Amino acid sequence: MHNTYSRDFADQVFMRLPRFGLSETMAQTVQLTENVEMYLKYIYLLCQAHGGPAKTGEVSHHLRVTPSSVTEMLDRLQDEGFLKHEKYQGASLTKKGRDVAVRILRRHCTMEYFLAQALGVPEGKYHDEACEMEHVLSDDTARRLRKLIKQPDTCPDCYDLEKLHCRHLSGKR
C-alpha cells in the first residue's frame, strides 16, 4: 500500500527533526522553499506598486497559479508569520515577510545586473536566469558580486514590476 502525505504534514515532521550543525539562520533558510520565496517576492512587488495589499488575482496572474492555490498559500504564509491576509482585501507582508522578500529581490537584481551589464545577456533571457539563481545565491556572495559589478545602491527599490527588471538595466536585444 502506498501512503501519500500532505505537504503540510511533511513540513511539520521536517520542522521537528533536529538540525545537527545548522545555525539558526540556516535553519530558517531551510524552511523557505523556492515557491514560498516567489510568493513573498511578488507580494512585496505588488504592494510596492499599488501602495496597498496585494490582491489574490494579481498574485495568481504573476505566478501563473490558480486563485485557490494563492489563497491556500496566503493562509499558510499567514500562519508562519510572513504576512497578514484578509479575504477580499488582499495580503500585506509583515516585517518578517518583507525582510525575506527584499533579500530575495536584492539577489535577483544582483544577478540580473550581472547577467545584463557584465555578461551582455539579452533582455529576453536575464530575468528568467536571475529568477533561477536568486534562490541558490547566498547573501554573502550576492554582496560581494554587487561590490564587484558596482551595482547601484538603489536596488532593489528600483525594480520595475511591469518590465520585470531593474530600471538601471540596459540589456542587449
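A: The side chain of histidine 85 makes a polar contact with the side chain of aspartate 75, at 3.4 Å; a polar contact is a pair of N or O atoms within 3.5 Å, where within protein one must be able to donate a hydrogen and the other to accept it, and residues adjacent in sequence count only if both atoms are side-chain atoms. This is a predicted model, in which local features need pLDDT of at least 70 and side-chain atom pairs count only at pLDDT 80 or more, while totals for chains, interfaces and linings use all residues. Residues are numbered from 1 along each chain as its sequence is written, and side-chain values use heavy atoms, with hydrogens and water left out.

Histidine 85 lies in strand β1, residues 83–86; strands (E, at least two residues) and helices (H or I, at least four) are DSSP runs, numbered from the N terminus. With a relative accessible area of 13%, histidine 85 is buried, a word that stands for under 20%, whereas exposed stands for over 50% and partly exposed for what is in between, using a 1.4 Å probe and protein chains only. Leaving aside neighbours within four places in sequence, histidine 85 is in contact with Thr56, Thr71, Leu74, Asp75, Gln78, Gly90 and Ala91, where contact means heavy atoms within 4.5 Å.

Tyrosine 88 is exposed, with a relative accessible area of 72%, and its phi is near 70°, a positive value in a residue other than glycine. Most residues other than glycine have a negative phi. Arginine 64 likewise has a positive phi, near 55°, and this residue sits in the loop between α4 (56–63) and α5 (67–79). Arginine 64 is exposed as well, with a relative accessible area of 78%.

Turning to helices, the axes of α3 (residues 34–50) and α6 come within 8 Å and cross at roughly 95°. Axes are lines fitted to C-alpha atoms, for helices over the stretch in contact, and angles run from 0 to 180 degrees between N-to-C directions. The helices α3 and α6 are therefore roughly perpendicular to each other, since 65 to 115 degrees counts as roughly perpendicular, under 35 as roughly parallel, over 145 as roughly antiparallel and the rest as oblique. Among the residues that meet are Leu40 and Tyr44 in α3, and Val100 and Ile104 in α6.
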